[in-house]
Amino acid sequence: FRDRPIIEKFYDDGQKFLTLFPDGTGNVFFFVSLTFDLSYPSGNLAVSVSSIVLGQYTYVVQEDSDRARVLAVFEPNGFASCYHQTGIVRVYMDQIGGVELDPFGAKKRKWTWKDTVTHVHAPPFQPITFGLNKHIGVRIMAQDHMTVTLSADQRSCRFNVGARLKLVAPANIPPPEIDDNLIYLDEKKIRVETLLDKVSTLLKFPKSPKIDKILPPLHISSKMYKNEKMKKDKAEQVAAAQAKKNKQTPI
């Protein structure tokens, strides 16, 4: 780290854009407009990079205002949170997984980092991308692959704000939460896809005597298997929860 030079970058008019010190800490600033157009950023601190332990960084993203309201925080221990413009939590993540909320605080999706089967519409299978404001974007792909990007006045910078953690106690990880609504929707989707496949087959082979014996395509069969597995896992979770409740209830 001592051999690293201080990195400084500037906007075209000479205003400070970025400063990174040899230990990896630093600051990124919004662009200062020399006009009276209030739609331009005002030169406030945008991203602050701090560190207590060398090589482990905390990233704080701030709103472009004199109040310096926090828009997001990413810590090296795996905890992170992002906020809507109203101040309501948008995304919360810990060492196990994360949850995304809508502007009213209702849950949109929830996931576990090590689960790549149940939560197909959330990380680590499908990334989440959103803008904290018109200059700063966040992309969440995996626990160790999250990026914060700032773009202003033909300047841009990107930080990987993910956390690299080592799993030391797999038994302590709770089983993934299975949503009944997700199971129901998947069943309906599979039924529609199966019907459409049968219609397509009938159009191709209208006189085939073995039309009812043709197996569904592999991608539909795979979805059927995953849905049945989720139903089985859900039933086991319900049974385990009921058994635990009965055990705790005094006679």
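Arginine 109 and glutamate 100 make a salt bridge, with their closest N and O atoms 2.6 Å apart. Keep in mind that this is a predicted model. Glutamate 100 also pairs with lysine 108, and Glu100, Lys108 and Arg109 end up linked in a network of salt bridges. From there, this briefing moves on to a helix-to-helix pair, the strands and the cysteines.

- The salt bridge between lysine 108 and glutamate 100 has an N to O distance of 3.7 Å.
- Is glutamate 100 buried or exposed? Its relative accessible area is 5%, so glutamate 100 counts as buried, a label that applies under 20%.
- Lysine 108 is partly exposed, with a relative accessible area of 49%.
- Arginine 109 is partly exposed too, and its relative accessibility is 23%.
- As background, side chains of opposite charge can pair when their charged atoms come close.

**A salt bridge between two helices**

- Glutamate 187 and lysine 231 meet through their side chains in another salt bridge, at 2.9 Å from N to O.
- Glutamate 187 sits in helix α1 (residues 180–204) and lysine 231 in helix α2 (residues 218–248), so this pair ties together parts that are 44 residues apart in sequence.
- Glutamate 187 is partly exposed, at 29% relative accessibility.
- Lysine 231 is likewise partly exposed, at 34%.

**The four-stranded open sheet**

- In what order do the strands of the open sheet run? Reading across, you get β11-β12-β13-β14, with antiparallel pairing.
- β11 (128–131) and β14 (155–160) are the edge strands; each has a single partner, so one side of each is left without a neighbour in the sheet.
- From one strand to the next, the twist averages 15°.
- Four bridges hold the antiparallel pairing of β11 with strand β12 (residues 136–142).
- If you want a spot to look at in that pairing, threonine 129 stands opposite arginine 139 of β12.

- Strand β4 (residues 45–51) pairs with strand β5 (residues 57–62) in the antiparallel sense, over five bridges.
- Which residue of β5 is the bridge partner of serine 51? That would be tyrosine 57.
- The hairpin of β4 and β5 has five residues between the strands, and glycine 55 in this hairpin takes a positive phi near 90°.
- β5 is also joined to strand β6 (residues 70–74), by four bridges, and these two run antiparallel.

**The cysteines**

- How many disulfides does the count give? It comes to zero, going by a cut-off of 2.5 Å between cysteine sulfur atoms.
- Cysteine 82 counts as buried, with 0% relative accessibility.
- Cysteine 157 counts as buried as well, at 12% relative accessibility.

Conventions:
Residues are numbered from 1 along each chain as its sequence is written. This is a predicted model: local features need pLDDT of at least 70, side-chain atom pairs count only at pLDDT 80 or more; totals for chains, interfaces and linings use all residues. Side-chain values use heavy atoms; hydrogens and water are left out. Two strands pair if DSSP finds at least two bridges between them. Axes are lines fitted to C-alpha atoms, for helices over the stretch in contact, and angles run from 0 to 180 degrees between N-to-C directions. Buried means under 20% relative accessible area, exposed over 50%, partly exposed in between (1.4 Å probe, protein chains only). A salt bridge is a side-chain nitrogen of Lys or Arg within 4 Å of a carboxyl oxygen of Asp or Glu.
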